[in-house]
Amino acid sequence: MGETRTTPLATQLSDKEIAYAKEFAKGIQVTDTTTILKYGTVPQKKFNAFADRSILDIPVNDLNDVDKVIKELLGKLNGFEKGILAKKDLRAGSKKSMQEFRSAYDRFSADIDEGERKLEVLRDSILRHVNRMERVYAECYAIVREFDMYVLAAEYALADGRNTRLQELEERAKKTGLLEDYMKVTDYTKALDRLEKKKQTLALTRALPLQTLAQIRLIQETDGVIAENLNNLVAHVFPLYKNRVIISLSVKENSAPLIDTDEFMATNASLRDALEGILKARKSGVAKQKESFLMFGKQ
């Protein structure tokens, strides 16, 4: 079989895959119109089935639930903060004021505990999705590689046809001068053109699973960031917040005023930043996925 020129595609495949493509090319019936029309339908059908399973669906419910829990906590935090700042008579000597503050804090602390339980469940679900997407990536990658082998096999078959069979037909036509021999050259040239067009179509179709690979990685990146932020929230931010409030209470219980407004606001601000950071990360991830899709559509 005639050798085709070295292409970027060939350099991406393993020696075993290239050997398979060369062997597969030997069985391509260039002059059989039906064979050429159906050429490459195997990876196309695999990708269609892959896409039809909706296997790339983001766990929308999980992520929407994360947004809901975070927004609820932000609302509770704002209410807790405004309620405390609205009390002008919170003094160490006022047992009533002290009790009011502790009651308000206990309610918000319970809200944090409830949010923490929900977010831990959502974090674990999102992490499972990230791991599942790795298997999805491997499946889609195999489909891309199958497209590659079909395209490369077509290149080998085209090179062989042009360098051997076509040349033989042309030499025979020149030698005999017979119209029927020139017709054979024309027919075989058209057959090669059909295979060339089919190869180009497959190369374009290959871009679909290839783009899907990029989308999978973006989904994993977004979900991974959300899961990491949730873990940090549960493991570090919530405990630190509670600790700072408790220390503030224990230190200022016997002094006036009970609440150091600046410290109270700074403590709440750190929690608010962490909560809003998760919402921003989610929004940023979705924007990246949309941008990637739009850029692909312009290619």
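1. The structure is a predicted model, in which local features need pLDDT of at least 70 and side-chain atom pairs count only at pLDDT 80 or more, whereas totals for chains, interfaces and linings use all residues. Residues are numbered from 1 along each chain as its sequence is written, and side-chain values use heavy atoms, with hydrogens and water left out.

2. Overall make-up. The chain has nine helices and zero strands, where helices (H or I, at least four residues) and strands (E, at least two) are DSSP runs numbered from the N terminus. Buried residues make up 42% of the 299 residues in the chain; here buried means under 20% relative accessible area, exposed means over 50%, and partly exposed lies in between, with a 1.4 Å probe and protein chains only. The chain exposes about 17000 Å², of which carbon and sulfur atoms supply 53%, and such areas come from the Shrake-Rupley method with a 1.4 Å probe, only the protein chains shown counting as cover for residues.

3. Contacts along the sequence. If we take the contacts in the chain with a separation of 6 or more, residues 24 or more positions apart account for 88% of them, a contact being heavy atoms within 4.5 Å.

4. Helix α6. This helix covers residues 95-176, which is 82 residues, and it reaches 116 Å from its first C-alpha to its last, close to the 122 Å expected at 1.5 Å a residue; the expected span of a helix is 1.5 Å times one less than its number of residues. Just after α6, G177 takes a positive phi of about 75°.

5. Helix α7. The 27 residues of α7 should span 39 Å at 1.5 Å a residue, and its end C-alpha atoms are 39 Å apart, which agrees. The buried residues of α7 include V185, Y188, L192 and L195, and also the residues D181, E196, K198 and K199.

6. The largest nonpolar core. A nonpolar core is a set of buried Ala, Val, Leu, Ile, Met, Phe, Trp, Tyr and Cys residues joined through side-chain atoms within 4.5 Å. The largest one has 38 residues, and I28, Y39 and L195 touch the most other members. At least two residues of this core are supplied by each of α2 (15-26), α4 (41-52), α6, α7 (179-205) and α8 (207-252), and the largest share, 19 residues, comes from α6. Leaving aside neighbours within four places in sequence, I28 is in contact with I36, Y39, A153, A154, A157 and L195. A second, separate core of 31 residues includes L63, L122, I126 and V245.

7. Y241 in α8. Y241 belongs to helix α8 and counts as buried because its relative accessible area is 2%. When neighbours within four places in sequence are left aside, Y241 is in contact with L77, F80, Y105, F108, I112, T267, N268 and L271. Y241 and S109 are 132 residues apart in sequence, yet their C-alpha atoms are 9.7 Å apart in space.

8. R282 in α9. R282 is in helix α9, which runs over residues 261-297, and because its relative accessibility is 14%, R282 counts as buried. The side chains of R282 and D67 are joined by a polar contact of 3.2 Å, a polar contact being a pair of N or O atoms within 3.5 Å, where within protein one must be able to donate a hydrogen and the other to accept it, and residues adjacent in sequence count only if both atoms are side-chain atoms. Not counting residues up to four places away in sequence, R282 touches L63, N64, D67 and I226.

9. N229 is found in helix α8 and is partly exposed, with a relative accessible area of 25%; residues up to four places away aside, N229 touches G277, I278 and A281. The C-alpha atoms of N229 and A281 are separated by 8.8 Å, although the two residues are 52 residues apart along the chain. A274 lies in helix α9 and, at 23% relative accessibility, counts as partly exposed; with residues up to four places away again not counted, A274 touches L233 and V237.
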